[in-house]
Amino acid sequence: MLSPDQSFELLKERIIKYNPQADLSIVEKAYSLSVVAHQGQQRISGEPYVTHPLAVANILAEMELDCGSIAAGLLHDTVEDTIYSTEDIEELFGEEIALLVDGVTKLGKIPYSTKEEQQIESFRKMFLAMAKDIRVILIKLADRLHNMRTLKSMSETKQLEKSRETMEVYAPLAHRLGMQKIKWELEDLSLRYLDPIAYHEISMGIDQKRKEREEYISQIQELLQHRLDGLDIKCSISGRAKHFYSIYRKMYTNNLELDQIYDLLAVRVIVNTIPECYEVLVLIHELFKPIPGRFKDYIAMPKKNMYQSLHTSVIGPGGRPFEVQIRTTEMHKVAEVGIAAHWKYKEGVSGQSDIDSKLEWVRQLIDIHKDMSDAEEFLHTFKIDLFGDEVFVFSPKGDVINLPANATPIDFAYAIHSAIGNKTIGAKVNGKIVNLDYKLINGDIVEIITSTVPRGPSRDWLKTVKTSQARKKINEWFKKEHREENIIHGRETVEKEFKRNLLPMSMLKDNSILEPLFKKYNFSTIDDLYAIIGFGGLPVAKIITRFKDEYKKQKAAVVSESIIDDVKPKKYGSGDSGVIVKGVENCLVKLSRCCNPVPGDDIVGYVTRGRGVSVHRADCINVKNLENVDVANGERFIDVFWDEQVGGKYVSDIQIIAEDKPGLVVEVANIVSNMKIALLAINGRILKEGLATVSITVEVSDRADIDKIIRSFWNISGVTSVLRTKI
């Protein structure tokens, strides 16, 4: 296994190979910070944590991305898992890289009522960041790919959770971005854990006939190469192994055997020009009998993800079916890495590029969803639009309109223009009148019949439309037309719920409570809130829950402040338990809460203004900061000692990081209980990559008690770190 430094050298070589003019200084700086930031951290496998951002950077280099993207890949976990903040990254690397890092950082520091809500909000944040810079999602996909490659180190529960999430979100996202190579690998890796029996059955079935299959493909390749050479068409011909999940879907969806899958055997022909693609297609159909209904022209009608190719299935020698894919070199590059193939943000390239047009669908999709106030609805509808199957239909003028599967003429109308959709009264498909809930299929020619007098959409359309664009435009029409009555109805609903939950009406005028709600749900005024509730676009229960949470936080803050004010520093002296201040008797002494010193720790005293002597551990970070304070104001360090003749009880905080598993918190609590040590507080939190942290506050007599507790925690299975921490 290569060391991190050796892996980094290979990364630089890879970058220079595709971008000889690359300025590697930013990449080198990012690697240096990543090493420092993750110092002492380990992955569950036991490898140094820095191997993960290095692997992510290498995946990005395989996509041939710019140095800024690769630097962000090296830094992508620093904000989430280390002491560095987004502001630190911006100061060191600039706004562009900071935005990329922030875009892939989960919302771990923001309180949410459930883990699921936090996850949905993290996805929402990532998707919105994607509209500003598509590289956010490329970095996230590289991150997920490496995590899936190393998933075997995690617990079975985490393997299933990550695999399901990958299959539902990240693999379809890679597909929508045209990144088929990454999509296939993510699907296969997920299948390995979601259905291991089926995975191994398919794997064994393919391996058993590998030699026979390779000989058959080789025979076809030789025949094609000979005929294409005769036509003076320069080409590259290769056999293609179908990925496991695609086989799995066809076998279990259509109840097929492995030998019944047509494109299990596949040949890919790569040529230089589009006319040559069609010449090769004609030759294929001359040599082999085509299977009816198995030809697809994605060159004339590219997929939304930019994929272009000719697909045909034919009967080969011995009556065995196989698939042929025909495409140009550029099409092949796009098919492998999708949007990354169009990336032009490389050193030495400036100005607009065709990537803007390639990303227009992303911006349109985000624009449709960004105003959705409910995060769960946002993710649900976004997944439908982004990941669903699609159909190609035509306008009477021959324009191709790409819509999701089961779309209706209403979806088609709003895809043309919102004004057309709002005036729709009927539709013709292939020259015949159809119902407005008719489900369009590939090749349909759709004509919309509109009203000549002003009118609006029907609420019933919301039950049948499939695109978020149509749903948004319909909702906007009703919200605009009935805003005043929606505000009145919404206000009555909210006030009724306030009374039922015993919440003070004054909260509806409290900006400190309203502003976080407005920010979360993208409102500008309280009337916006009333309007969407009155319209039915947001359940009032969610808003009331938010008000209750904010109200509880404010009440808790008031209580906490009063408790702190009531706490009086304990007096220590030569005759009391605790700390002796050199040369001073009956001095007011306070043990610092930032580091919680206990007998046995090296300590220092700091003379404060009006609050006596504050005692810190010698290694406390605040001690170093205080060293810079101007001593002219009478504040200075002073020698202090532990009074060894008197015993006492002291508070200390300890943090355990371990593999996430059921009963971890209970196991920690039992260890403390068995040691007859008072447990004052315990709190557990799930981290990323299958880890969890348990933080405890205990009451101890001295440093020896703390060392004893820490040694005991290291005996817990899966523990990776035990540290004494600050409050």
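I am working on a predicted model, in which local features need pLDDT of at least 70 and side-chain atom pairs count only at pLDDT 80 or more, while totals for chains, interfaces and linings use all residues. I count residues from 1 along each chain as its sequence is written, and I take side-chain values from heavy atoms, with hydrogens and water left out.

**Around S5**

I noted that strand S3 (residues 289-290) runs antiparallel to S5 and is joined to it by two bridges; two strands pair if DSSP finds at least two bridges between them, and strands themselves are DSSP runs (E, at least two residues), as helices are (H or I, at least four), numbered from the N terminus. I then looked up strand S4 (residues 296-297), which is likewise antiparallel to S5 with two bridges, and there Lys 296 stands opposite His 311. On S6 (residues 321-328) I found antiparallel pairing with S5 over six bridges, with Ser 313 facing Glu 323. Five residues lie between the strands of the S5 and S6 hairpin, in which Gly 318 takes a positive phi near 75°.

I also asked how many of the six residues of S5 (residues 310-315) are buried. Five are, so the strand is largely enclosed by the rest of the structure; buried means under 20% relative accessible area, with a 1.4 Å probe and protein chains only.

**The open sheet**

I next traced an open sheet of four strands in the order S13-S15-S14-S16, with mixed pairing. Its edge strands, each pairing on one side only, are S13 (589-591) and S16 (637-638). I saw that S14 (residues 603-607) runs antiparallel to S16 with two bridges between them, and that Gly 605 stands opposite Ile 638.

**H1 against H3**

I looked up helix H1 (residues 4-18) and helix H3 (residues 51-62), whose axes come within 10 Å and cross at roughly 15°; axes are lines fitted to C-alpha atoms over the stretch in contact, and angles run from 0 to 180 degrees between N-to-C directions. The two helices are therefore roughly parallel to each other, a label for angles under 35 degrees. Among the residues of H1 that meet H3 I listed Phe 8, Leu 11 and Ile 15, and the H3 side includes Leu 54, Ala 57 and Ala 61, contact being heavy atoms within 4.5 Å.

**Whole chain**

Notes:
Angles under 35 degrees count as roughly parallel, over 145 as roughly antiparallel, 65 to 115 as roughly perpendicular and the rest as oblique. Buried means under 20% relative accessible area, exposed over 50%, partly exposed in between (1.4 Å probe, protein chains only).
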